Amino acid sequence: MSAAEKSLVLETICQSLQESSVVGGLGGRGHCQEPLTHPRCSHGGVSKPGDTGPRGHSVPRQVPKHVTPAATTAVHNPSECTPGAPVDLCMLGAPGLPLLRRWPEPSAADTYIRGLLASVALDPELLLEKVSAVHPEASRPLGGPGCENPQGADPRDSPCYGMCARERVMPEGWGLCGGPQGGPGSATGRDHGTLGSAGQSFLFRYYGLILRESAGRDVVRRHLTSLLELSHQSAPQREGIALAIGLTSASHLEEVWAVLEHLGRTRFLRSPTAGADDQDNILKMSFLSAAVMLVAAIKREPGTQSYKFTQIPDLIQCLLCILQREPSFLATLLREKVIVVITGLSRLRPHLKPMVKSRILETCLQSVYALPPMELLESSLPPLQPVPDIKTLYSKTTRALNLLLQSFLSEDNSMDEIYFLLQHMETWLQSKKIHERRRALQSTSQYALDCLEHTEEASPSMLGHPLGLLTLLWRDEDALTRHHSRQCVYLLLQLLLQQRGKVLEFIHLNKMKNFEVTASREWEMKLYNVAKAFDENLMVAQHTQLVLTLLHGLCSCSHLRSDLASEFLLLIFEGPGVRREQVAEILQGLYQELPDILFKDIQSTMMKAVTILGTQHTQETIELILSLSHPSERKIIPMWKALGANTQLSRKVLTLLYMKLKLRPPKEVVVLTPQMEPISLLALGTIYELLYMKEYKATIRWAFAGILLGLLTQLRYLFELGLVSGISEKEGDTLDMKPLSPSRTCLEALKGLFWTTNYWEVFGYLKLLRGWELFEHLDTYTEGVTILARAMAHYNCEVKAVLGQAVISLKSPEERDNVVAILIISAFLNSRELMQYTSRKTMDSFLSLSLSNPNQLVRAMSLAGLSSTLMQPKKVVLLRNRLQGLLDRFLMPEPKDPLGLMEILGDILHRLGARGVGAVSLRVAQRLLQLFEDVSAAGAILLFGDVINSGGKKHRQALKDQVFPALVPLLFHLADRSPAVAQNTKFTFLRCAILLKWEFRKELFSKLTWGQGLGAENDIFIHMVESNFGSYHQFLMQAFLYLRSPHKNLKLVAMKFIGGLLQDYFSDLCFYLKKGDVRVLRKHLETLKQGQDSRSCKFYLDFLEDIMELYQYVT
C-alpha cells in the first residue's frame, strides 16, 4: 500500500472515529441532537467534512479529492465479513467504523478491527497519534464545575489547576472522558450534548485494541500511563480505562503490569492526605477495575502459565493496602473484588512465597473476620442511599475468602499447606469475640472438608497445635462454634487415617463422630475415645504439640475452656499416657504455664496429672524438674508436691535425690557458675525444700538415716570444695531473697531434718548448746557431729536406722563417708539402747576393720570405740571409783579448781553413758544447786543438766525431786547478765522441762531460743507455773529469797515473778499457804522497806496490802 493510501485510511478512520463519538446511541438518547463542532472552527479555521457551521448548522460532508464517490457511499457490512479476512478499501466508507459499536458481539468486533489493521498494514503508533489529535483542546486539566478559565487567562490561575494536574487526559487531547467535550465546565459540553457511556466504552475499547496491536513497547507504556492519568470520577470512565488496559494486556502483559505496579507504588502505598479522600477513593476504584480486567485478560489467555510474572508480590501489596484501608463496615463489594483479584494473581507463576501468602492471609482474614456480627452489620453502616443488601454483600465476601483458601490448597494440596492455613487461623480461633471464632471455624471446617479429596500425603509435626486449639473450643459458649470445632477435629483425624491407608471406619474415630452428649459419664467416654484416637493416629511430635497447646489452654480466663483442657490432659495421662521422649517438653510446658493458671481446681487437676506422669516415668520426671529451675524457685514447688502425693512415688523421689546427692566429683573437675550447678547441689537444694512439704513428711521419716548421713557427708564435701561462704547465720540473715549458699543450705537442711520430723529435742540440744555453730568450720566439724550423735543417742532418735546406715558408710571407698560414719558410731557406743540393735561382737568386728583405714581420724576414733565402756565393761567399775574420789574433793566447802573438777566429772558422765553413776548423781546435783549463785555458775548449771539425766531409771524419780528446787533459780538466771550463764541456763532449763515432761515443751523451747521482750518472759513464766499445778506456793517462797540477792537483775526478776503470782494465782496461794509462810513472806518484804532502791520501795508499797490480805485468808 502506498503512502497516499495509508494516509487516506488514517484520515478516514479518524474522521469516522470523530463521527462515532456523536452519532446516535452514544449519548444514550438515540441519535445525536446536534452535530459536533470541530475545535478549529471556533478559531476561524477551515472546516472539514462533517463539521458544523457557526450557528450549529450542518456543513455538507466533503469528499477528499483522491477518494472516489464509490468509497464515500459504500458501507462495509461487518456481518458479511469473515473476521480476520482482508478488507477491501473500496468498501470502507466514512460511516463504516461507527457500525463497529453496534456489533452484537465485542469479540467479533475485535476480530474485525484486527483484520482491518492487518489489511491496511498500518502502523498502530501512527494511528494512535492521529487518534490523539482528533480533539487537541482536550489537553486542558479535567475538573468539575468552576474549573474553566476565561479566554486568554493563564491556566495556572484556575482554582482547580493544582488539584487536577494529575488527572490530565491522554496525549494531547484525546477526549475519551467527556471532559472537554462533554464534561461539566466544558464550553463544548455546555453548547452541545454530553458524550454518553456507550460512546466512551466504544472509544476505550477501540483505543485498547489499537494498543494491543502496537509493536512498540515504549509507545504502549507511554499511552497506558496517559490513560491512567485520566479523570477517574465517573464509573463508566473507570470501566472504560479498565477495559482498555485489559485489552492491551493481551499482547503487552509486562508493560501493563509495570504501569499498574508503578501506579500502586506511587498512589496506594503512600498515606492519604487530608482532603484527598474522594480522589483517593476514585483512584482506588480505577486501580481495582484495571486489576480486575488484567486478571480477566490473563485468565482468557491460554499460555499464561508459561510466563513468570515477577511483579505479582508488588501488585498484591497494593491490593492489600486497599483492603487495609477499608472501613469497619460492609457497604460495597470492594472486599470481594480485591480478594478475587488476589486469588487470580496467586495462581500465576512463580508461586507466591510463604511470606507473601502469610501477608495475604493476615490481611484478608482481618478484613473479613473483624467485621461486626451479622446482626450488627446493617446498623453499623453510615447513611447510604440506597441501603445495600448486607446479606448478599457478606455472602459474596465470605465466598471470595473461601475461594482464596481453596486456591492456596489447590496449589499445594498437602498437610503442610493445611497447617500453614491453620496457623493463620490461630488468632481468630482464640479470639474473645464469639462471631470471630465462629467465622474462623466455618472457614476451617469448609477447607478441611475439601482436603479429604485433594490432599497429598504429608504429616507436619506441628499439626497437633491446631488440633489442640480446635479441641479447646468444644465447650465454647456458641453452639455453632462447638459443632464446627468438633467437625474440624474429626475431619483432620480422618484425613490422617486416609493418608496412612487405614480403614476409615476406625473404632475410636467413629465413636467421637456424633459428639452431642448430655450426661457427664457419656462426655467422659467421648473424651476418652478422642484421647485414644489422638494417641493412635498422631506422631510423637504432633501428640506433644497437642499436649502443649492444651497446657496453654489451662491459662484461659474461661473456666469452661481451662476445665476442658485439664480434664482432657488428665485423660491423656491416665489412659494412653505419654511416651518417654515427650516427658521433657511436656513438663517444661507445664512449668511455664503453671503460674498463670487462674483457677485452683484446675491447678489441683494438673497436680494429679503430674503425679501420674511421675509414676509412669519417675526418673525422667525428677531429672527434668531438677533441671527446670533452682529448687528455691516458688513456681517449681507445686510440681514437687505433686510427686509427693503418692507414698511410693515420694519414696522413689527421695531415693533418686539421695543417689544424685552422692554424685560428688573431685574438686579439680568441678566448675561452678550461676547458670550451672553440680547435680549434687541441685539435689541438696531440693531435699531442703522437701523437708518442709507435708506431702513428704512420712517419707522423710522413712529416709531419715540416709538423708542424715548424706547431708553430713555433703557438708564435709563442701568444705573440701571451699564453698563455705555464707554458712553462718549472721552472714545469711539478710532481707534479700537470694537463694542460700550451698553450705548454708546444707546446714539448714540438717537442722530442718530434726525439726520437721519432730525430733526437736535433738535440734534444741544443739541449738541451746550452740552445737550447730560447730558445723560452720572444718576444724570443729568433728566435734559438731559427735555432739549431734550424742544428742540422738540420748533422745533415742532413729538410733537403729542411723547405725545401720553408718555401718554401710563405713564400708564406702569414700574417705568422707568413713569419717562421718565412725564419728556417729563412736558416739552411739554410749547409748542405752545400742545393744538392742547390735551385738558387742559385731561392733568389735566393724571397729577392728576400721583400724586399717587410711584416714588417721578414722583409725583414732575406731581405737577409742574399742576402748569404750560398751566394748570394755570392766572400765565401768574403774570410772565409778575414779568418780567417787573426785566427788569427795568436789563436795569440800572450798574445792580447788572447781571448774576443772566439773569438766572431768562431765567427761566421766559421758563415758559411763547408759550405765550412769547411780546414787552419786543425787549428791552431785545437790552440790551443783548450791553453786548456782557462785562465780562458777555457768559450769555448775551446765553440769546439773548432765547429772539429772545420768542417774539411770532406778534413780530417775529421786533426780526429778532434785530438779524442782532448781526451777525458780534457773528461771531467774535466764536474765543473768553473763551471756554464758544465761545460755547454759536455757539449755538446762529445757532439759529439766523435758525430764519433768511438761506440756508444750516445744513451744517453751521456741520461746527460750527466739523469744524476746516481756512477751517471751510472760510465756516462759506461764509454761513453768501451769506445768506445776499445786506448787505455786513453793515457787513463791523460793522467789522471796531472791529479794535479798546482791544481783540487781535477779532481784528485779524475782519482783516480777512474785507480782505475777500474787495477781494471777492469789486464790490458789490462799489455799496452799499457811500463816507461818505468810509471816516469813512479810519478813522478807520488810527488808525492801529499808532499802535505798526506788524499785524496791515501790514493790513494797504495791504488794504489802496483798500480803496482809493473804494473811487474813490463810489458815
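A helix here is a DSSP run of H or I at least four residues long, and helices are numbered from the N terminus. With that, a place such as the loop between α46 (979-996) and α47 can be read, and that loop holds Phe1000. The model is predicted.

## The whole chain

The chain has 1115 residues, and 53% of them count as buried. Which elements make up its fold? There are 53 helices and zero strands. Take contacts between residues at least 6 apart: 72% of them join residues at least 24 apart.

## Nonpolar cores

In soluble globular proteins, nonpolar side chains tend to be buried together. Here the largest nonpolar core has 291 residues. Trp640, Leu708, Phe754 and Phe775 have the most contacts inside this core. Which helix gives the most to it? Helix α32 (residues 704-721) does, with 12 residues. A second core of seven residues is separate, and Leu371, Leu381, Ile390 and Leu393 are among its members.

Beyond its neighbours within four places in sequence, Trp640 is in contact with Ile622, Ile625, Leu626, Val653, Leu657, Thr686, Leu690, Met693 and Tyr696.

## A glutamine in the interior

Is Gln962 buried or exposed? Its relative accessibility is 18%, and buried means under 20%. Therefore Gln962 counts as buried. The residue is found in helix α45 (residues 956-973). Its contacts, leaving aside neighbours within four places in sequence, are Leu922, Ala925, Gln926 and Phe944.

Helix α19 (residues 464-471) packs against helix α23 (residues 540-553). Their axes are 7 Å apart, and the angle is about 40°. So α19 is oblique to α23. Which hand does the crossing of α19 and α23 have? The crossing is right-handed. On the α19 side, the residues that meet α23 are Gly464, His465, Leu467, Gly468 and Leu469. On the α23 side they are Gln542, Gln545, Leu546, Thr549 and Leu550.

## Salt bridges

Side chains of opposite charge can pair when their charged atoms come close. How many salt bridges does the structure hold? There are 26.

Start with Arg580 and Glu620. Their side chains meet in a salt bridge of 2.3 Å, N to O. Arg580 sits in the loop between α24 (559-574) and α25 (583-593), while Glu620 is in helix α27 (residues 618-628). The two are 40 residues apart, so this pair links distant parts of the chain.

Next come Asp1019 and Lys1007. Their closest N and O atoms are 3.1 Å apart. Asp1019 lies in helix α48 (residues 1013-1026) and Lys1007 in helix α47 (residues 1001-1010), so the bridge ties together parts that are 12 residues apart in sequence.

Lys1098 and Asp1102 both lie in helix α53 (residues 1094-1113). They are four residues apart, about one turn of the helix. The closest N and O atoms of this bridge are 3.0 Å apart.

How open are residues of these pairs? The table gives the values.

| Residue | Relative accessible area | Class |
|---|---|---|
| Glu620 | 23% | partly exposed |
| Asp1019 | 24% | partly exposed |
| Lys1007 | 32% | partly exposed |
| Asp1102 | 41% | partly exposed |
| Lys1098 | 52% | exposed |

Salt bridges can also join into a network. Arg437, Asp476, Glu477 and Arg561 are linked in this way.

Most residues other than glycine have a negative phi, and most peptide bonds are trans.

Where is Pro350? Its place is in the loop between α13 (334-346) and α14 (354-369). The peptide bond from Arg349 to Pro350 is cis, with omega near -5°.

Asp897 has a positive phi, near 45°. This residue is in the loop between α41 (875-890) and α42 (898-912). Asp897 is exposed, with a relative accessible area of 54%.

Phe1000 is placed in the loop between α46 (979-996) and α47.

Methods
Residues are numbered from 1 along each chain as its sequence is written. This is a predicted model: local features need pLDDT of at least 70, side-chain atom pairs count only at pLDDT 80 or more; totals for chains, interfaces and linings use all residues. Side-chain values use heavy atoms; hydrogens and water are left out. Buried means under 20% relative accessible area, exposed over 50%, partly exposed in between (1.4 Å probe, protein chains only). Contact means heavy atoms within 4.5 Å. A nonpolar core is a set of buried Ala, Val, Leu, Ile, Met, Phe, Trp, Tyr and Cys residues joined through side-chain atoms within 4.5 Å. A salt bridge is a side-chain nitrogen of Lys or Arg within 4 Å of a carboxyl oxygen of Asp or Glu. Axes are lines fitted to C-alpha atoms, for helices over the stretch in contact, and angles run from 0 to 180 degrees between N-to-C directions. Angles under 35 degrees count as roughly parallel, over 145 as roughly antiparallel, 65 to 115 as roughly perpendicular and the rest as oblique. A crossing is left-handed if the near helix is turned anticlockwise from the far one by less than a right angle, and right-handed if clockwise.
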